[in-house]
Amino acid sequence: MENAVWTHDRWTTTIEGWVRRTLAGHSDRAIGVVPYWIETREIRVMWEEGILPSLAAMVAEEIRVFVSELGLGVEFEVILYGSGWEESDRRIGVSDYIRPATINGELDHRALFDLSYGETYRQERQHADVYITTRPFVDDRVSWGAAIFEHGCMMLTLWGKRQHSRQFIRSVVRHEMCHLLGMPIHCDDIGVEGWAHDTSCNMHYALPSSRLCGKCREYLGRWWLEIDRLCS
Ligand SMILES: [Zn+2]
Ligand SMILES: [Zn+2]
């Protein structure tokens, strides 16, 4: 399908062209950020104290199931990392770690993207991070998560009673995983010839379902096909 394009309000490009720019650190939204995590394809799931470990395990499992369902022909290692780790002679909790990315206890997702990308552990072994937090985003009580491919970072904001909504959380995980895996945009923003508009796709803002439409699946398939071609 030669005519698959990603349309955007400022430009139109092919998926393949956008992969090349992104891997070279020239993406529109993250200049100079190279997604090194795709070398190892390791995804570490971490959670703040206050998040039930069984919920974190469910999130990790949903990520595994979803990436295998996508059939990208790419293996990801999903690791249930923990709610903290030993550093020198003391224990660092995930809350301590993400505190520099908070304002009055609320999470600034862009700051956490940057913090995550620049962490020293990444030199030891490149990876992507998934943070499950008990905080809302700064001035935002609507969003449930955020994720970015370039930095290899995803977060879920499960404050208040949100941890009880397990079925919806699964849907959010799928949506944010699509962002982490390379969709910076939503279903409406992509045009792939041969696919009709699907209003119930999981990649709409309002998450009308947990089901990803054929167009978005094809987008992700072509994205990773091109990564494999360029990286092998
Ligand atoms: Zn879609
Ligand atoms: Zn989204």
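A: The account below begins with the whole model and then turns to one helix and its surroundings.

This is a predicted model, in which local features need pLDDT of at least 70 and side-chain atom pairs count only at pLDDT 80 or more, while totals for chains, interfaces and linings use all residues. Residues are numbered from 1 along each chain as its sequence is written, and chains are lettered from A and ligands numbered from 1 in the order in which they are written.

The secondary structure comprises seven helices and eleven strands; these are DSSP runs numbered from the N terminus, with helices being H or I of at least four residues and strands E of at least two. The protein has a radius of gyration of 17 Å, in agreement with the value near 17 Å for a compact globule of 232 residues (taken over C-alpha atoms, the rule being 2.2 Å times the number of residues to the power 0.38). Of the 232 residues, 39% are buried; a buried residue has 20 or more other C-beta atoms within 10 Å of its own, an exposed one 12 or fewer, and a partly exposed one a number in between, with C-beta atoms placed from the backbone.

Ala56, Val59, Ala60, Glu62, Ile63, Phe66, Val67 and Leu70 are its buried residues. Seen down the axis of α2, the buried residues fall within an arc of 155°, so they line one face of the helix; the arc is that of the directions from the helix axis to the C-beta atoms. The face turned away from this buried side carries the exposed residues Pro53, Ser54, Ser68 and Glu69. After α2 comes Gly71, with a positive phi near 60°.

The buried residues of α2 pack against β3, β4, β9, β11, α6 and α7. Within this setting, and leaving aside neighbours within four places in sequence, Ile63 is in contact with Ile43, Val78, Val173 and Met177, contact being defined as C-beta atoms, placed from the backbone, within 7 Å. Ile63 is also among the residues with the most contacts inside the largest nonpolar core, alongside Val45, Ile132, Cys216 and Leu220; this core has 66 residues. The most residues given to this core, seven, come from α2. Such a core is a set of buried Ala, Val, Leu, Ile, Met, Phe, Trp, Tyr and Cys residues joined through C-beta atoms within 7 Å. In soluble globular proteins, nonpolar side chains tend to be buried together.

One of the strands packed against α2 is β11, residues 153–157. Five of its five residues are buried, so β11 is largely enclosed by the rest of the structure. On one side lie Cys153, Met155 and Thr157, and on the other Met154 and Leu156. Five bridges join β11 to β9, and these two strands run parallel; strands pair if DSSP finds at least two bridges between them. Four bridges join β11 to β10 in an antiparallel arrangement.

Glu49 counts as exposed, with 10 C-beta neighbours inside 10 Å. Beyond its neighbours within four places in sequence, Glu49 is in contact with Ser83, Gly93 and Ser95.

How values were computed
Two residues are in contact if their C-beta atoms, placed from the backbone, lie within 7 Å.
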